[in-house]
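Me: I would like to go through this structure with you. Could we begin with the terms?

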Amino acid sequence: MKALRDVMMRSLPSVTIAFMIAAFIFVYFTPNMVTTIPAGYVGVLWKRFNDGTVTNHFFREGNRLILPWNKIISYDARMQRVSEDYDIISANGLAIGANITFRYRISRKRIGLLHKYLGPNYLNTVLIPKIGAIARAESAKYSPVQLYSTNRGDVEEAILAVAMEQLVRVTQDVIATEEKERTALKLPPLPDAPDPIIKLHDISFRSVTLPLLVEKAIERKEEQFHVNLEYNFRLDRERKESERKAIEARGIQSFQRIVSDGITDAYLRWKGIDATLQLAQSNNSKIVLIGSGKDGLPLILGPIDSSSGNAGAPVPGTHSGTELQARFGAQLDATASKLKQDAERADAIFPNSSTADLDPGRIDTKDTSTGTSPIKTARPPCGNQCR
């Protein structure tokens, strides 16, 4: 026991030095041994002393422990969007500026091939130049007007289809090259994966820049096109309005033809009396002459102002009152003459009667300022006959 203690005491300095050296090595190489792969990223392993890039395996997100002389390269495997400005040529040779936006995603299973053959700068070395070349080739099939307004969607679909086809071809070339190398090194073949190395999802034109004169001309043309459509809608509306009025006129004609047989003079006279009663019941002051017309309908006159003397007297030959009175002035003169004759006839039949014996409610007067004598309509007292 004492001998073991002596051995340990003699070897303690050397053990301590070895432990310190190991701790130093561990601390120094820890950053190279522990690699953190962020969320949404994938890692590809590169071995310094054994076959280089591992193409048949990838690392998912999280912490990974590797040998200090190896290296893990991380790639963003999420959906990415890129906008790039391109100079394209239209079908008539006009130079056009276009800002094209595309979205893409890399394949997780093909990340080793991407790193080995395309590299971390694959976006600038492969994707952007290839899309630009395809955009120029497809845009040359269309005119500036089509690129600016009408056929932009067709150009986008054509660029997307051609770009996806060429990316599939790039993947096939890379896989063929890798298979030859693995066969030479007697390595197992790559696992089957139908996805291309880079997969495009969509391509769209954010803006198309034409020369100023061409752009203004296209805008004026589109404006006139829509103005023409507006006039077409106006013509359709007026045509339908004409049809509506024709239908309404035919309905009125049919209605008149149906009811014409039932409209008689007595019916019209009754409707006239009904309308006269409604006018007579209004709040405006008026004078009603009964039985003045040839059809026996009453006449309604406006108020007669007799308190102002001759200051506001109308010109002889005219009639005071409302517009209705002026309109039927000639008829009123005939009515006054007829009523005067009836009054004289009544005086001849009843010589002993006077205006004092008349019913006050049956005395109607006309303004003497018109030059005509007062008109009196009277009925004799009832006497014993009223009983």
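Reply: Buried means under 20% relative accessible area, exposed over 50%, and partly exposed in between (1.4 Å probe, protein chains only). This is a predicted model: local features need pLDDT of at least 70, side-chain atom pairs count only at pLDDT 80 or more, and totals for chains, interfaces and linings use all residues. Residues are numbered from 1 along each chain as its sequence is written, and side-chain values use heavy atoms, leaving out hydrogens and water.

Me: Is T35 buried or exposed?

Reply: T35 is buried, at a relative accessible area of 16%.

Me: And what does T35 touch?

Reply: Leaving aside residues up to four places away in sequence, T35 touches G62, N63, R64, I66 and I72; contact means heavy atoms within 4.5 Å.

Me: Changing topic: how many salt bridges are there?

Reply: The structure holds 12, a salt bridge being a side-chain nitrogen of Lys or Arg within 4 Å of a carboxyl oxygen of Asp or Glu.

Me: What about E181, which partner does it have?

Reply: E181 forms a salt bridge with K116, with the closest N and O atoms 3.1 Å apart. E181 belongs to helix α5 (residues 152–184) and K116 to helix α2 (residues 111–118), so the pair ties together parts that are 65 residues apart in sequence. Helices here are DSSP runs (H or I, at least four residues), numbered from the N terminus.

Me: Which residues are linked with them in a network?

Reply: Salt bridges link K116, E178, E181 and R182 in a network.

Me: How accessible are E181 and K116?

Reply: E181 is partly exposed at 32% relative accessibility, and K116 is partly exposed at 28%.

Methods
Helix = DSSP H or I, 4+ residues; strand = E, 2+ residues; numbered from the N terminus.
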